[in-house]
Amino acid sequence: MADQRLSRLDKDIEEIFMIFNVRNSDTIHKGDLTVALRMLGVEVSKEVLRTEILPNYAEFSRLSAAHFKEIYRSQEAASADLENVFVELDRDKSGVISSKSLQLINSDLVAQGLEKTSHTVEEIEKILMEVFSTDHITKERFKNFMDVK
């Protein structure tokens, strides 16, 4: 998955470079560099722009790709963190977060004084049905709900 995103990123970088390579000189004019990088969502400091000579494709790609690779790494780390959270929430190890698992967690929180209200399995099922239209949460649904792809 990450390889596909990076492959697509390389193509996007090349396309944007070609748009701004108006003189076909294999470089981008300094004035266009900021705009080209912003099209990719990359903010570059004025100091970097002052020190950069007319960037060729390799340098433009380096500036752009470093930014996006860091974003992908942090997304993958967040996804791994969510994986661990999901495993913790799947108390009965059924591969889903069940209403029973959530009720056990709720009971633990009440016992620790971190939650005031104790909920029954039926109450939790009702909440899950309202939010997810089902009485359990799959790993995929959990990740989507937490907005991590």
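Is Ile137 buried or exposed? Ile137 is buried, at 7% relative accessibility; buried means under 20% relative accessible area, exposed over 50% and partly exposed in between, with a 1.4 Å probe and protein chains only. This is a predicted model, where local features need pLDDT of at least 70, side-chain atom pairs count only at pLDDT 80 or more, and totals for chains, interfaces and linings use all residues. Residues are numbered from 1 along each chain as its sequence is written, and side-chain values use heavy atoms, leaving out hydrogens and water.

**Overall build**
- The chain has seven helices and two strands; helices (H or I, at least four residues) and strands (E, at least two) are DSSP runs, numbered from the N terminus.
- Their order from the N terminus is α-α-α-α-β-α-α-β-α.
- Of the 149 residues in the chain, 29% are buried.

**Around Ile137**
- Ile137 sits in strand β2, residues 136–138.
- Beyond its neighbours within four places in sequence, Ile137 touches Phe86, Val96, Ile97, Leu128, Phe132 and Phe142; contact means heavy atoms within 4.5 Å.
- Phe86 and Ile137 are 51 residues apart along the chain, with 9.6 Å between their C-alpha atoms.
- Across the chain, 51% of contacts between residues at least 6 apart in sequence join residues at least 24 apart.

**At the surface**
- Phe145 belongs to helix α7, residues 139–145.
- Phe145 is exposed, with a relative accessible area of 52%.
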